[in-house]
Amino acid sequence: MRVIIVESPQAVAQCAADLVCQQLRQHPDSVLGLATGSTPVALYQALIQRYRSNQLSLSQTTSFNLDEYVGLPPSHPQSYRHFMEEQLFRHTDIDPGKTHVPDGMSDTEQSASAYEQAISDAGGIDLQILGIGQNGHIGFNEPGSSLSSRTRVKTLTPSTLEANRRFFADDEFQPHLAITMGIGTILDCRQVLLLATGKAKAEAIRRCVEGPLSAACPASSLQLHQHATVLVDADAASGLEHSEYYRWCEEQRQRLGHPSGH
Ligand code: F6R
């Protein structure tokens, strides 16, 4: 696992944008996995800026989002399809026909297997962006999710519902179910980039990077991945026992120009 610790949430966004741009420069037709939530918003803003200044094009890129609420149509302001349109897609040259968000409206069992098939037909995901829940979830794979799970419906935990309550008006219906890529789906991605900022994520990051591999912390499954990068600010890194070593590895990488293994 590569752990990159930078000083601020802004630096997380810029560093993540550098990694995404590097991937797209090398392979403009990459398949990107995308996340919603607060954390990647600054990354998406950085990508939009780079697109506007001609440093990036998404015209050949295909995308697959991690998850979607069950029962919210794509036009609903709290749907993740709507979120992606607003936060990224409509501000760039990505081909709308190549953007995919799970379908939480029709027969979910069928749409989950169709989503897996679509990912496979696209050649698999090259680079998956992830956030992390305070309870260690990735996508909406809540604690206890099977480490080999594929796209399916999950019941959200009360703590996840509470964390996402802020996006819904007081009297607005908040779905308790989501359709999400599974942990097995995420582990199949060729590269994974998990972003976290702020003290509230410190314990989840500690469990993800240094805790035991356990379904109790779904993000710890990334310890099994050959090409996983965890990119955090100093606050989110504050629970890591070996943070000095991770910083030192990155310094060596900069100084010697050769990558320390994941
Ligand atoms: C969103 C997703 C979730 C979020 C996580 C963190 O598509 O899959 O796992 O990444 O809940 O959310 P924020 O960034 O809002 O703290």
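1. The lining of the largest cavity consists of 6 nonpolar residues, 1 polar residue and no charged ones. Here Ala, Val, Leu, Ile, Met, Phe, Trp, Tyr, Cys and Pro count as nonpolar, Asp, Glu, Lys and Arg as charged, and the others, Gly among them, as polar. The lining residues are Leu32, Leu34, Leu47, Leu58, Thr61, Leu88 and Ile94. A cavity is a set of points, on a 1 Å grid over the protein atoms alone, where a 1.4 Å probe fits but cannot get out; lining residues have an atom within 4 Å of a point.

2. This is a predicted model, in which local features need pLDDT of at least 70 and side-chain atom pairs count only at pLDDT 80 or more, while totals for chains, interfaces and linings use all residues. Residues are numbered from 1 along each chain as its sequence is written, and side-chain values use heavy atoms, with hydrogens and water left out.

3. The structure has 1 cavity of 30 Å³ or more, and the space in the largest cavity is about 30 Å³. A volume is the space filled by probe spheres set on the grid points, which are joined across faces, edges and corners.

4. The largest pocket has a volume of about 540 Å³. Of its 26 lining residues, Ile132, Gly133, His137, Asn164 and Lys201 are the closest to its centre. A pocket is an open set of grid points with protein on both sides within 12 Å along at least five of seven lines. By class, the lining has 9 nonpolar, 14 polar and 3 charged residues. Helix H5 (residues 158–164) gives the largest share, 4 residues. Helices (H or I, at least four residues) and strands (E, at least two) are DSSP runs, numbered from the N terminus.

5. The ligand sits in the largest pocket, meaning that more than half of its atoms lie within 2 Å of the pocket's grid points. Around the ligand are 14 residues, the closest being Thr39, Asp67, His137, Gly139 and Lys201; a residue counts if one of its heavy atoms lies within 4 Å. This shell divides into 3 nonpolar, 8 polar and 3 charged residues.

6. A polar side-chain atom of threonine 39 is 2.5 Å from a ligand oxygen, and one of lysine 201 is 2.7 Å from a ligand oxygen. Serine 38 contributes a polar backbone atom, at 2.8 Å from a ligand oxygen. The protein covers 93% of the 410 Å² of accessible area (Shrake-Rupley method, 1.4 Å probe) that the ligand has on its own.

7. The second largest pocket has a volume of about 440 Å³. Its lining comprises 21 residues, with Arg2, Ile4, Leu19, Gln22 and Arg253 closest to the centre. H1 supplies the largest share of this lining, 6 residues. By class, the lining has 8 nonpolar, 8 polar and 5 charged residues.

Note on methods
A polar contact is a pair of N or O atoms within 3.5 Å; within protein, one must be able to donate a hydrogen and the other to accept it, and residues adjacent in sequence count only if both atoms are side-chain atoms.
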